[in-house]
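Work through the exercises below with the coordinates open. Each task is followed by a stepwise solution.

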Amino acid sequence: MDEVAGGEGAPEGPVFTLELNQDQKDIREWVHGFAEGVVRPAASEWDEREETPWPVIQEAAKIGLYSFEALGQFFADPTGLTLPIANEELFWGDAGIGMAIMGTSLAVAAIFGQGTGEQIGEWIPQCFGTAEEPKVAAFCASEPDAGSDVSAIRTTAKYDEAADEWVINGQKAWATNGGIADVHVVIASVDRELGSRGHAAFVIPPGTRGCEQGAKVKKHGLRASHTADVHLDDCRVPGACLLGGKEKLDERLARVREGKRAKSQAAMQTFEASRPTVGAQAVGIARAAYEYALEYAKERSQFGRPIVENQAIAFTLADMKLEIDAARLLVWRAAWMGRTGQKFENAEGSMSKLKAGEVAVWSTERAIQILGGNGYTREFPVERMHRDAKIYTIFEGTSEIQRLVISRAISGIHVK
Ligand SMILES: Cc1cc2nc3c(=O)[nH]c(=O)nc-3n(C[C@H](O)[C@H](O)[C@H](O)COP(=O)(O)OP(=O)(O)OC[C@H]3O[C@@H](n4cnc5c(N)ncnc54)[C@H](O)[C@@H]3O)c2cc1C
């Protein structure tokens, strides 16, 4: 698949292929096996319990799927496809458990994207813990009054020069793994006048005083994944916990104050780059619901024939398959562009997440319809898939925000 990247010195012959290489196929099979054998059978129980499925995380850690090494291996694929492929398979198994396993990667992505080499080496392994004793990590950006509008973040970080410590105060909302995490990554404002350009990311080490879980959220779906408020009260962290370091932050702030464009575009690019992975999770849910509905439609008979023989059902299944494949292609395109360093001229990352999220909601709703009354009960998995799918039009940027990003990118106009 290497020649896909093309460019100077690329060999003659095919320059475009969607054929997966052996490594990608092996990883897909490996993750699928875990999703089918371990995740699926546990899905209903943990959805009902509405608790973090630690035994499943432990199983994932034991086989190396929940580890820094596995995430690194998925990310290392130069085509960018392995990360979405692994996410699709895991979330095909179950999205709540999938998020309990993958939620850590939000914090890891922030440390990887913004940390120094030393910080990456110190904190990322701690996000996962060990195979014997796995831990989770949390990424805390959202606040009660700062959801889509990230610039409204009120949490502050003040530097205490004498102690070389940052003092963080504020309330974070909706944090996946918030309060149960060992490592929290917190976005705080170091200069509120600068809006989102005055933000910085901090690692809160395990056991730090002043970092406490607030209310745990009871949710519509994704219930095996823990979501909670996080309170930061005079939470002191060493100076070295500022991701990227103080020198870099001071330089960036000075540029912004001089009126120069800081690297806000670069930050946006990073955010865009994480969206295909989230899109892949939604594709996994949609595919699971489609496959279930297809099998059901072949088995369920009414009026003396399997319901799939009715065009109304068969065409719906055809459209589901079509939409899911279209969403996956957008996800793969964006993942490939992100990994090969190509600029998202038309917000391709947002496109992939928007399409996949909406396809997941639509397909799971159609699956309920195809199952009829059974689809509406907790005896069958499609109602859970529908509840899980809905979050994909809300978190990591709502569908409206994705459309805003796309419309601004294609028009060059600051659409409101
Ligand atoms: C299960 C779950 C897990 C989460 N995990 C995390 C996490 O780990 N870390 C984290 O930091 N956050 C997390 N979040 C928060 C999530 O990212 C936010 O909920 C999301 O960004 C939306 O913000 P909001 O809920 O405040 O909605 P709002 O921003 O209040 O939006 C409400 C509605 O208004 C619309 N809207 C807002 N602005 C505009 C506009 N300019 N134009 C058009 N429409 C607009 C929105 O699209 C939406 O429909 C999580 C949320 C949930 C539910």
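The exercises cover a helix pair, one lysine and the ligand site.

The model is predicted: local features need pLDDT of at least 70, side-chain atom pairs count only at pLDDT 80 or more, and totals for chains, interfaces and linings use all residues. Residues are numbered from 1 along each chain as its sequence is written, and side-chain values use heavy atoms, leaving out hydrogens and water.

**Exercise 1.** Describe the packing of helix 11 and helix 13.

Step 1. Helix 11 spans residues 348-371 and helix 13 spans residues 399-411 (helices are DSSP runs of H or I, at least four residues, numbered from the N terminus).
Step 2. Their axes are 9 Å apart at an angle of about 150° (axes are lines fitted to C-alpha atoms over the stretch in contact; angles run from 0 to 180 degrees between N-to-C directions).
Step 3. Ser-350, Met-351, Lys-353, Leu-354 and Glu-358 of helix 11 meet Ser-399, Gln-402, Arg-403, Val-405 and Ile-406 of helix 13 (contact means heavy atoms within 4.5 Å).

**Exercise 2.** Is Lys-355 buried, partly exposed or exposed?

Step 1. Lys-355 is placed in helix 11.
Step 2. Its relative accessible area is 27%, so Lys-355 is partly exposed (buried is under 20%, exposed over 50%, partly exposed in between, with a 1.4 Å probe and protein chains only).
Step 3. Not counting residues up to four places away in sequence, Lys-355 touches Glu-323, Ala-327 and Leu-330.

**Exercise 3.** Which polar atoms lie 2.7 Å and 2.6 Å from ligand atoms?

Step 1. A polar side-chain atom of Ser-142 is 2.7 Å from a ligand nitrogen.
Step 2. A polar side-chain atom of Ser-148 is 2.6 Å from a ligand oxygen.

Definitions and conventions. Helix = DSSP H or I, 4+ residues; strand = E, 2+ residues; numbered from the N terminus. Polar contact = N/O pair within 3.5 Å; in protein donor to acceptor, adjacent residues only side chain to side chain.
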